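Please look over the sequence and the structure shown here. The paragraphs that follow go through some of the features, a few residues at a time.

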Amino acid sequence: MQTSPHVVSDVMTRAVVAVGRDALFKDIVRLMEGWKVSALPVLEGDGRVVGVVSEADLLPKEEFRDLVPDRFTQRQRLSDLAKAGALTAEEVMSSPAVTVHGSTTPAEAARIMARRNVKRLPVIDDEGRLEGVVSRSDLLKVFLRDDEDLTEEVRHEVVDRLFPLPADHIRVEVSEGVVTLTGWVDGPELIPVAERLARTVEGIVDVHCHLAGASGAQ
């Protein structure tokens, strides 16, 4: 059975391009285009992440190229106006960087991306040094797992842990990532627990729970 990727370090990209504080504006754009990425970590010293430069950080230079901002815009967009005049990574980067550790779960990383509206997260060690980058596409890799692998994991991690052996009266089937649990159990109070645990298996798309208590009532 292929083990389920339970942490970010299992799916992150380890070969990462980064820049220093003094990287020039045009060099940053060239790197993004060459590596087909939307953001670059900014490093200093022994590889500690001090910020991130994203496409959103760079766009104000184009946005305000031929625009003279009024007083309202100057008050509301002070940070963007400063970035419009930036020449180096240090001047344009967002800092402190939004980062995660390799031990972070893919689900938590996805929630951080959604809350902070970012597409990529630098992955750091306990000293703040860059270990890799996890992107939205990396997090979606969990849904490429085979149905057979998912079936085995649900059987092992959910059914065998919750119900006394042997549990041959519980059937686990997975099709296109959707798991279906059928059969009967002695402890009907564990049915919602089984459904909830099945949803936590990385790569599961949905859960159809058709378990019933031994009396026949779910």
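Is Pro164 buried or exposed? The model is a predicted one, and in it Pro164 has a relative accessible area of 62%. Exposed means over 50%, so Pro164 is exposed. Its place in the chain is the loop between α8 and β7 (170-175). Pro164 and Asp186 are 22 residues apart in sequence, and their C-alpha atoms are 9.2 Å apart in space.

Helix α1 covers residues 25-35, and its buried residues are Phe25, Ile28 and Met32. Viewed down the axis of α1, these buried residues fall within an arc of 65 degrees, so they line one face of the helix. What do the buried residues of α1 pack against? Their partners are the strands β2 (39-44) and β3 (48-54), together with the helices α2 (55-63) and α5 (89-92). On the face of α1 turned away from the buried side are the exposed residues Lys26, Arg30, Glu33 and Gly34.

After α1 comes Lys36, which has a positive phi, near 55 degrees. Lys36 counts as exposed because its relative accessibility is 63%. Lys36 also forms a salt bridge with Glu33, with 2.7 Å between the closest N and O atoms. Glu33 belongs to the exposed residues on the outward face of α1, the face turned away from its buried side.

A lysine can also be found under cover. Lys83 is part of helix α4 (residues 78-84). With a relative accessible area of 11%, Lys83 is buried, because buried means under 20%. Which residues is Lys83 in contact with, leaving aside its neighbours within four places in sequence? They are Asp57, Pro60, Glu91, Val92, Met93 and Ser94.

The next topic is charge. Side chains of opposite charge can pair when their charged atoms come close. The count of salt bridges in this model comes to 17. One of them joins the side chains of Asp138 and Lys141, at 3.1 Å from N to O. Asp138 is buried, with a relative accessible area of 4%, whereas Lys141 counts as partly exposed at 41% relative accessibility.

Another salt bridge lies within a helix. Glu195 and Arg199 are both in α9 (residues 191-199), where they are four residues apart, about one turn of the helix. The closest N and O atoms of Glu195 and Arg199 are 3.2 Å apart, and the two residues form a salt bridge. Glu195 has a relative accessible area of 25% and is partly exposed. Arg199 is partly exposed too, with a relative accessible area of 42%. Elsewhere, salt bridges that share partners connect Arg21, Glu44, Asp46, Arg48, Glu90, Asp125 and Arg129 in one network.

Which residues form the nonpolar patch with about 300 Å² of accessible area together? The patch is made up of Leu140, Phe143 and Val205. Leu140 lies in the loop between α7 (136-139) and α8 (147-162). At 52% relative accessibility, Leu140 counts as exposed, since the cut-off for that word is over 50%.

Note on methods:
Residues are numbered from 1 along each chain as its sequence is written. This is a predicted model: local features need pLDDT of at least 70, side-chain atom pairs count only at pLDDT 80 or more; totals for chains, interfaces and linings use all residues. Side-chain values use heavy atoms; hydrogens and water are left out. Patches are made of residues with over 30% relative accessible area and no salt bridge: like charges are joined within 9 Å, nonpolar side chains (Val, Leu, Ile, Met, Phe, Trp, Tyr) within 5 Å. Accessible areas come from the Shrake-Rupley method with a 1.4 Å probe; for residues, only the protein chains shown count as cover. A salt bridge is a side-chain nitrogen of Lys or Arg within 4 Å of a carboxyl oxygen of Asp or Glu. Helices (H or I, at least four residues) and strands (E, at least two) are DSSP runs, numbered from the N terminus. Buried means under 20% relative accessible area, exposed over 50%, partly exposed in between (1.4 Å probe, protein chains only). The arc is that of the directions from the helix axis to the C-beta atoms. Contact means heavy atoms within 4.5 Å.
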